[in-house]
Amino acid sequence: MAKIDIDHVFKTYAGGAQAVRDVSISIRDGEFIVLVGPSGCGKSTLLRMVAGLEEISAGEVRIGGRLVNNVEPAERDIAMVFQNYALYPHMSVRQNLAYGLKNRGTPKPEIEARVAEAARMLELEPYLDRKPRALSGGQRQRVAMGRAIVRHPAAFLFDEPLSNLDAKLRVTMRGEIKRLQRRLGTTSLYVTHDQLEAMTLADRLVVLNKGEIEQIGTPLEIYHEPASTFVASFIGSPAMNLLQGRSTENGFAIGPDLWRLATGPLDDAAITIGFRPEDVTFTRDMRAGPEFLLDYVEELGAQKLVHGTVGGQAVSATATAEFQPQESMRLTVPEHRIFLFSTATGKRLRTPITPMQPAGDFSPVKA
Amino acid sequence: MYRTNFRDHLVLIIGSLMMLLPVVVAFTTSTHEAADIHMNGLTLVPGDHFAETYETVLTRQGGFTGKVTGLTMLGNSLILGLGFAIGKIVLSMLAAYAIVYFRFRAATAMFWIIFTTLLLPLEVRILPSYEVMHKLGLINTYTGLIVPLLASATGTFFFRQFFKSVPDELLEAARIDGAGPFKFFIDILVPLSRTMIAAMFIIMFVYGWNQYLWPMLMTNDEGFYTLVRGIKQILIVWVGSQIPDYNEAFAMAVLAMLPPVALVVIFQNWFIKGLTESDK
Ligand SMILES: Nc1ncnc2c1ncn2[C@@H]1O[C@H](COP(=O)(O)OP(=O)(O)OP(=O)(O)O)[C@@H](O)[C@H]1O
Ligand SMILES: [Mg+2]
């Protein structure tokens, strides 16, 4: 049990590639932090620097208040779960679990007790004497978890531990990891590129982009208040709609269409308008938002996903299963659910949005 | 599905016969008397001097000094074979471990230098090696027989390839589990290399067992004679009207063959197990 402080950490690989740039995260005791981002954004690199498997180029990492920059992985009091599990193939499950404890000179009865405890928690008891190759993927995953648990470390580090499992098992194991972490209260740092996994597991999410932090926050903060187009498009499924437009006196111009919304003064005329598919409602009221031209519909059972275009740009929306989409509809989104971003920087523009009074006529407005 | 037919079996039978017959003939011939063999040549029919001949070969004191028995030679051959196999495996595993897991300057260059010596057969460096051993006063010692030939480019190369195929995460997991370089080697790498070790052991043992030229140079004390040299020695007594002891030479050849064969039979199981159970 410990807090972890990552303080202005950089990683420059031999050859000059900068994989992590000025990352600072302060992780509270017992917190479950998920690092999320696209492939190659430096998630694993950051995690491995905390683990001690990769040298820290600049900055400081503290675990439980102790500076660990030059501390061997074994002495950092952490345990790591690898994507390919990295179980010792020639050892039985029992030996795999016990190996770390044995190396630390833990007394035998204590080792046995801890292995038994972990095996019980993870329902591994029937497999204790099997070799890893005689286990299914899910069971191997649990052994890898067990190897971390028996050590009673100050922190768990996970590097995409579920990505080798099939979709269904991934959901089960996700729940199991969350339950275990809650129960043990061990500080955890978890890497994934699956945004759903990130949302469901995290106490706080860290969204990384090209080695830098885009945003840190609780899943709901990040979902409801994305700091940039990158975060907005990465978190949430289906992804947020992002439309390129211009701010004009009469509202937002999206292609040839006009969305009659007013904002405070904007530095930047070129803006990106973002809104989530689940916040869209369709109407036939000509005075409502811009025109939506239907492309195709995906049935999800409980819902349907309606895909189309607004001003020539792709937009998707969720609708109830009963909804009957028309070829052409009007799209509305509650003003407080619309996000504005600077097209140039991708950063969120925090300006209030208000509806403009309709001009009085019922004909479609064109910019 | 393809069903094997008579022709397939025929091919296999002919193949096995070609491999086995010389051995069988050597064995059956060895059970006759030397004079018989001299008159009738090789034979497939077993004779009735089996126990006698083999006992003589194993226990009769021969050589100029009259002190070397077949058992001594068998012992020497075993020492040479085992010494070679174990020494080469230990040395080449350690070398490969250093090359793969430790970052030091010119590691790759060193590896390639080792690798190119693969192309140099023993005969090329046999005289310099002899000279060195001579100066060190190691003629007529087991050390002198074994140590100069222990460095093995082949072994180093195969172990290097094998270590490279071991996933990095295993090393990382072991580091987090508190295993230092030595522990990782002993606890993880060596057990994982079991099948490689078995393969190397067979190859190197047979290589050591069959050494002829090097022991001949390095030792002139008959106490160091190996079986392979013993066979030659028996046939050399070609003085006057004496008939060479063909039977004994054959018996010794058969004996010389047994340990390597036994080794292959024993390790074969491991071999196949190791190849079919993918471990990593
Ligand atoms: N040993 C290395 N030497 C040089 N560059 C490296 C090395 N390891 C990683 N990189 C680079 O650093 C960047 C970050 O890599 P990292 O493995 O942390 O990505 P990641 O976010 O974990 O991606 P993924 O989701 O695919 O695992 C990548 O651009 C990668 O090419
Ligand atoms: Mg990664």
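Chain A is divided into domain 1 (4-231) and domain 2 (239-342), with bounds that come from an automatic or database domain assignment. The C-alpha centres of domain 1 of chain A and domain 2 of chain A lie 39 Å apart. Their contact (heavy atoms within 4.5 Å) takes 7 residues from domain 1 of chain A and 8 residues from domain 2 of chain A.

A word on the ground rules: this is a predicted model, where local features need pLDDT of at least 70 and side-chain atom pairs count only at pLDDT 80 or more, while totals for chains, interfaces and linings use all residues. Residues are numbered from 1 along each chain as its sequence is written, chains are lettered from A and ligands numbered from 1 in the order in which they are written, and side-chain values use heavy atoms, leaving out hydrogens and water.

**Strands of chain A**

Helices (H or I, at least four residues) and strands (E, at least two) are DSSP runs, numbered from the N terminus. Two strands pair if DSSP finds at least two bridges between them.

| Strand pair | Bridges | Sense | One bridge |
|---|---|---|---|
| β11(A) (241-248) and β15(A) (270-275) | 6 bridges | antiparallel | Q244(A) with T272(A) |
| β11(A) and β12(A) (251-254) | 3 bridges | antiparallel | R246(A) with A253(A) |
| β17(A) (291-299) and β20(A) (328-332) | 3 bridges | antiparallel | F292(A) with M329(A) |

β11(A) and β12(A) form a hairpin, with 2 residues between them.

β17(A) and β20(A) also belong to an open sheet of 5 strands in chain A, ordered β16-β20-β17-β18-β19, with antiparallel pairing. At its edges stand β16 (281-283) and β19 (313-320) of chain A; each has a single partner strand, so one side of each is left without a neighbour in the sheet. From one strand to the next, the twist averages 50°.

**A helix pair in chain B**

Over in chain B, helix α4 (residues 70-101) and helix α10 (residues 181-192) pack at an angle of about 115°, with their axes 12 Å apart. Axes are lines fitted to C-alpha atoms, for helices over the stretch in contact, and angles run from 0 to 180 degrees between N-to-C directions. α4(B) and α10(B) are therefore roughly perpendicular to each other, a term covering 65 to 115 degrees. From α4(B), the contact uses M93(B), L94(B), Y97(B) and Y101(B), and α10(B) brings P181(B), F184(B), F185(B), L189(B) and V190(B). By class, this contact has 9 nonpolar, no polar and no charged residues; Ala, Val, Leu, Ile, Met, Phe, Trp, Tyr, Cys and Pro count as nonpolar, Asp, Glu, Lys and Arg as charged, and the others, Gly among them, as polar.

Key:
Angles under 35 degrees count as roughly parallel, over 145 as roughly antiparallel, 65 to 115 as roughly perpendicular and the rest as oblique.
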